[in-house]
Structures are given as C-alpha cells and as structure tokens.
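Reader: I'd like to learn how to read salt bridges and a nonpolar core in a model. Could you walk me through them?

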Amino acid sequence: MHDADNPTDPAVGGGGQVSYEAALQQVSRVTAWYTEQIPAQPSPAQRRAGAYDEDRLERLRAERQKCLADQRALEDAGPEEIALIAARYEARFRELTGQ
C-alpha cells in the first residue's frame with residue numbers, strides 16, 4: 001500500500017517518478033474505453049442479422065479484465081512497475097482512440 005506521508009512514495013509523485021494516481025488514471029481511462037465498447041445484450045433480431053460480433057465482445061471483455069487485474073496490481077507495485085504500467089496504458093489509450 002502507498003504511504004501519503006512518505007514524500008518519496010510514488011503515490012505522491014516524489015522523486016520525479018510516475019505517481020500511483022497518474023498510473024491509476026491511465027488504467028482507468030483504458031478500462032472505461034473497453035467498458036463503453038461492450039454493448040448491452042443484443043436483441044434476438046440483432047443476433048439473427050449478424051449485427052452482434054460475439055468474438056469481438058469476448059475480446060473486449062478479456063481486455064477489460066486485464067485492465068482490472070493491472071489496476072489491482074498497482075496497489076502493491078513499486079515505482080518502476082508503476083511507471084511501466086502507466087506508460088503501457090498511455091500508449092494503449094492513444095492506440096485505441098487514435099490520439
């Protein structure tokens with residue numbers, strides 16, 4: 001767990017490192033993107049028309065689960081792992097959104 005009373009703790013951004021909060025924000029943005037892409041249950045008509053891509057839905061759900069696992073991993077991550085996760089998710093967000 002991160003200690004807000006420790007000025008060198010990544011949670012408070014000490015030492016010029018990526019903060020826990022910044023990494024969490026990066027992961028949360030990507031998680032939210034996947035959540036928005038997962039549609040509600042399709043109607044029978046959508047299923048019959050083939051307008052519902054079950055494979056894509058499964059990929060989106062799997063990627064969202066990876067995000068949630070990384071979000072939990074941040075709780076016990078050290079400064080280097082926090083920085084790696086933040087960088088990976090920043091790049092992933094740009095890739096997903098074209099930004």
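Author: Happy to! Let's start with accessibility: buried means under 20% relative accessible area, exposed over 50%, and partly exposed in between (1.4 Å probe, protein chains only). Lys66 is partly exposed, with a relative accessible area of 48%. This is a predicted model, where local features need pLDDT of at least 70 and side-chain atom pairs count only at pLDDT 80 or more, while totals for chains, interfaces and linings use all residues. Residues are numbered from 1 along each chain as its sequence is written, and side-chain values use heavy atoms, leaving out hydrogens and water.

Reader: Which residue forms a salt bridge with Lys66?

Author: A salt bridge is a side-chain nitrogen of Lys or Arg within 4 Å of a carboxyl oxygen of Asp or Glu. Here Glu63 pairs with Lys66, their closest N and O atoms being 3.2 Å apart. Glu63 also meets Arg92 in a salt bridge (3.7 Å, N to O), a pair that links distant parts of the chain, 29 residues apart.

Reader: What about the nonpolar core?

Author: Nonpolar side chains tend to be buried together in soluble globular proteins. Such a core is a set of buried Ala, Val, Leu, Ile, Met, Phe, Trp, Tyr and Cys residues joined through side-chain atoms within 4.5 Å. The largest one here has 15 residues, and Val27 is among those touching the most other members.

Definitions and conventions:
Helices (H or I, at least four residues) and strands (E, at least two) are DSSP runs, numbered from the N terminus.
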